[in-house]
Amino acid sequence: IKALEIDAERIVVRDYTDSKRIFYGINLAWLLIVIAATAGLGSLAARKERAEDALKNAKDELEVKVAERTRELGNANDQLHVELAERRRAEEALQESARKFRGLYQQFHVLLDSIPDSITLLSPDLRILWANKGAVVAAKGVEVADRYCYSLWRDASGPCDGCGVLRSFQTWKSENSQSTASDGRLWDLRA
C-alpha cells in the first residue's frame with residue numbers, strides 16, 4: 001500500500017506539475033496574444049495616422065494646385081477680355097474706315113462721271129473693270145464692263161500693236177499713245 005501511496009503521490013505531483021505547466025503555458029500564450037494584439041493595434045494606429053497624414057498632405061497639395069490653376073485661368077480670362085476689347089476697337093476702326101472709304105468711293109465716282117472724256121479701269125488682261133459715264137456714252141450705250149477694250153473700241157480680237165496699257169502693266173510706268181477706233185475717231189490713251 002505504501003508503494004501505492006507513493007505511486008499515487010508521484011502521479012499527483014506529476015499531474016500537478018503538468019497542470020502547472022499547462023496553466024503557465026496557457027497564461028504565456030494569452031500573454032503573447034495580448035502583446036501581439038497590442039502591438040498590432042499600435043501598428044494599426046500608426047498606419048492609420050500615416051494614412052491620415054498622407055491624405056492631409058495630398059489635400060493640401062491639391063488646394064495649392066487648384067489655387068494655382070484658378071489664378072492661371074483668371075489671368076487667361078483677363079487676357080481674353082483685353083484681346084476682346086482690342087478686337088472690338090479694331091472692328092470699330094475698320095467699320096469707320098469702310099464708311100469713310102464708301103464716302104470717298106462715291107465722291108470719286110461722281111467726280112469721274114462728271115468728266116466727259118472716256119475713263120476706264122482695265123485689268124492686266126485688258127478687261128474693262130469699270131468705266132465712267134463718258135465711256136458709256138462713247139460706247140453708244142453698249143454694256144462696257146467685263147468686255148475687252150480692244151473688242152469694244154476697235155472691234156478687234158486682240159490687243160493693239162504697241163498697246164500702251166500692256167506696256168504700263170509690264171513696266172509699272174505711265175504710258176501715252178494714240179489709237180484709232182473702228183469708227184475713225186482718234187483716241188489719246190494714257191495708262
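Colleague: What should I know about numbering and cut-offs?

Modeller: Residues count from 1 along each chain as its sequence is written, and side-chain values use heavy atoms, without hydrogens and water. As this is a predicted model, local features need pLDDT of at least 70 and side-chain atom pairs count only at pLDDT 80 or more, while totals for chains, interfaces and linings use all residues.

Colleague: How many helices and strands are there in the chain, and in what order do the elements run?

Modeller: Elements are DSSP runs, numbered from the N terminus: helices are H or I with at least four residues, strands E with at least two. Here there are four helices and four strands, in the order α-β-β-α-α-α-β-β from the N terminus.

Colleague: What radius of gyration does the chain have?

Modeller: The radius is taken over C-alpha atoms, and the globule rule is 2.2 Å times the number of residues to the power 0.38. The chain has 55 Å, whereas a compact globule of 191 residues would have a value near 16 Å. Its C-alpha trace spans about 175 × 35 × 30 Å along the principal axes.

Colleague: How many salt bridges are there?

Modeller: Side chains of opposite charge can pair when their charged atoms come close. The rule asks for a side-chain nitrogen of Lys or Arg within 4 Å of a carboxyl oxygen of Asp or Glu. The count comes to six. One of them joins Glu-72 and Arg-69 (3.2 Å, N to O).

Colleague: Why are Glu-72 and Arg-69 separated by about one helical turn?

Modeller: Because they are three residues apart in helix α1. Helix α1 covers residues 2-113 and also holds Ile-33.
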